[in-house]
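Please consult the sequence and the model shown here.

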Amino acid sequence: MILERLADWIERATANGAVPVLTGRNGDMDTIGSAIALAASNPNLLACGLHLGRLANRLCQEMNAPFRKLSKNPSWPSKIGGIIIVDAASESQTGVTIPDGVPICVIDHHDTCEWEFGAGDLELRSDARATTQMVFEYLKINSPNTLSNQVRKLLLAGLITDTGRFRHADQASLYCAAQILEGATFEYQEFVENVQNEEISASDRGAILKGLSRCQSIESGKWNLVHTHAGIHEGKVASLIIQAGAEVALVSRNRDGETRLTARAPRSSTISGIHLGKMMQNLAEKMGGEGGGHDGAAGWTGKCDRIAAETAFINILANTKRNENES
Ligand SMILES: [Mn+2]
C-alpha cells in the first residue's frame, strides 16, 4: 500500500534531520492546508513555502496555524532529512530551488508531472480532487491523533476550494469530506460560510471588472473561447467567464517580463475532449516555460510576451479534436 511507503519515507527522513513540507508558490488553500496538516503529524516536519494566498493567510491567522514563509533562496536547516513537496507538479511551481542530494517526496494530484525522481525519492500521485484528500487518507490511518478540529478545517478548506465548493467533486472526495466531518466538533455550514466570506477590495473589484470588460469571444476550431487579460484575480475572472457560458476561458497577465496564462473549462468541455493541463504542457514544449494542471483548470508561465502566448494557446485549442457524442 502506497501510504505505508509514505509512512516509511517520513520515518526514515525525520530520523535523519528536519524535513520541510514545501508548498506550491500559488499558496492556495489546498497546498497550504496539506502542508500544515501533514506537518502536524511529526515534530520534525515543518510547513513552509514562498507565499500564502489570501484565504490561506486569513485561515492560518484565525487558527494560529504554524507556517514559515521562505525567501526565494531559503536557508534550509543544516541537518535536513528530506523535503516533502505538496500540490506542486514541478520544482518551479514551488518557486524555490530544492537543494541537491536531499531525498524528496512529492504528494500531488495534478495530471501532469515534471519532477525527476532518484533512488530514495518517493512520488505519491493520485486522481484525488485535492491534495488534502490524500493527506487525510494518510493521517486517518497513520496518525489519527493529528486530526484535531484545526487540522480537519485546513483539510476540508483545501477540498472545498479545489473542488469549487464541491462542484467538481466525485464520490471519493465527497466521502472524504464526510469522513473529515465525522470526528469534528465544528459545524460544516458555519465553516463553509467563513471560507466563502472573501472580501474583495474596491480596487480588486475594479481589476476584475476591467478584466471582464476586455473579454473577447472567438471560435477556435470547434471550440468557443473567451479570453482576456487581467492584472490580478485571473482565476476568479476565468470562473466568471465560464459562468457566462464559455466553453474555454483563458486569462493572461504579464508582469516583470513574465507571462502567465490561466485557463478554465466546464465539465461539458472536458467530456468533449478538452484537457487544459495537457494543452498547457504542450504549450511549454512549443514556447518554453512551465505548464500543466488538471483537465478543467490549468496554467502556464513563461518569458514570451502575452500576445504570443495567447496565440500559441489558441492554436493548440484550434487543433484539439471534439468528441461529438449523441447523448
Ligand atoms: Mn490542489
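The buried residues of α5 pack against α2 (29–39), α3 (54–63), α4 (131–142), α6 (171–182) and α7 (188–196); contact requires C-beta atoms, placed from the backbone, within 7 Å. This is a predicted model, in which local features need pLDDT of at least 70, side-chain atom pairs count only at pLDDT 80 or more, and totals for chains, interfaces and linings use all residues. Residues are numbered from 1 along each chain as its sequence is written.

Helix α5 itself covers residues 149–162 and spans 20 Å from first to last C-alpha, close to the 20 Å expected at 1.5 Å a residue. Of its 14 residues, 12 are buried, among them Arg 152, Lys 153 and Asp 162. Buried denotes 20 or more other C-beta atoms within 10 Å of the residue's own. Just after α5, Gly 164 adopts a positive phi of about 60°.

The axes of α2 and α5 come within 8 Å and cross at roughly 155°. Therefore α2 lies roughly antiparallel to α5, a term for angles over 145 degrees. The residues that form this contact are tabulated below.

| Helix | Residues in the contact |
|---|---|
| α2 | Met 29, Asp 30, Gly 33, Ser 34, Ile 36, Ala 37 |
| α5 | Val 151, Leu 154, Leu 155, Ala 157, Gly 158, Thr 161, Asp 162 |

Conventions:
Helix = DSSP H or I, 4+ residues; strand = E, 2+ residues; numbered from the N terminus. Expected span 1.5 Å × (residues − 1). Contact = placed C-beta atoms within 7 Å. Axes fitted to C-alpha atoms, helices over the stretch in contact; angles between N-to-C directions. Parallel < 35°, antiparallel > 145°, perpendicular 65-115°, else oblique.
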